[in-house]
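Thanks for making the time this morning. I would like to walk you through a few local features of one model, and I will give the cut-offs as the terms come up.

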Amino acid sequence: MAKLTTVKEAISLIKDSATVMVGGFLSCGAPDKLIEELAAQNVKNLTMISNDTSFPNVDKGKLIVNKQVKRLITSHIGTNPETGRQMAAGELEVELTPMGSLMERIRAKGAGLGGVLTPTGIGTTIADGKKVYELDNKKYLFEKPISADFALIYGTKVDKFGNIAYFGTTRNCNTVMATAADIVIVQADEIVDCLDPNEVVVPGLFVDYIVSAKEGVLPENAAEASVSGGTNPKKAGV
């Protein structure tokens, strides 16, 4: 597929038991069209890494309600009662991680680091089973990096090369997730021919596929200018 593709074609790459990062803070900056298609294709036994599970029947919450998620790594579940119900019933494995630690673990993977040291969680159940280091008389938890097979992220404005610009807080965890997955799919509110370099928040080398939130709305001559998704510099170690 070319970088510019359809929602259906992009999501068809995701198979049962895949690990998927999903951007957004609740519904702010959530790639809702990609999530809706993932729900429609009924991909099962997913491991989902996300800041939250949103609300029932809204973006990420749909995947929980549909019982498509087998394992969840997240920061909070309080806005979606169904997540808590499934966890209590043993239907869903949930790893709760402090929000800052979760983002740092994802960032560490994208930066090629072996992990991060944080004081957050010391003396709580968060520390159970984890290594604790003492530096300068202060204790730190060692948190391992987190990666995924796919990242479904959002962009306010994306050019045909995959460069992404954001409006306000819609960037949230989309930016770090773009660096830590094997295949990155971005849902764009607007697709343009070329972004001003000063607008770019996520460089296009991290992005494999681009879909439009309004399918069929592409920049002029996009079909001729679209870039092959074959070789991605980030996967070549560049």
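When I speak of helices and strands, I mean DSSP runs, helices being H or I over at least four residues and strands being E over at least two, numbered from the N terminus. Please keep in mind that this is a predicted model, in which local features need pLDDT of at least 70 and side-chain atom pairs count only at pLDDT 80 or more, while totals for chains, interfaces and linings use all residues. Residues are numbered from 1 along each chain as its sequence is written, and side-chain values use heavy atoms, with hydrogens and water left out.

Let me begin with Thr97, which lies in the loop between strand S4 (93-96) and helix H5 (99-111). Thr97 is buried, at a relative accessible area of 2%, where buried means under 20%, exposed over 50% and partly exposed in between, with a 1.4 Å probe and protein chains only. Setting aside neighbours within four places in sequence, Thr97 has contacts, meaning heavy atoms within 4.5 Å, with Ile73, Thr74, Ser75, Leu102 and Arg105.

Turning to the strands, S6 (residues 132-135) and S7 (residues 138-143) pair in the antiparallel sense over four bridges, pairing requiring that DSSP finds at least two bridges between them. Val132 stands opposite Leu141 in S7, and in this hairpin, with two residues between the strands, Asp136 takes a positive phi near 50°.

Finally, the cysteines: a search of the whole structure finds zero disulfides, a disulfide being a pair of cysteine sulfur atoms within 2.5 Å. The sulfur of Cys28 has its closest cysteine sulfur in Cys173, 9.7 Å away, and therefore too far for a bond. Cys28 is partly exposed at 30% relative accessibility, whereas Cys173 is buried at 4%.
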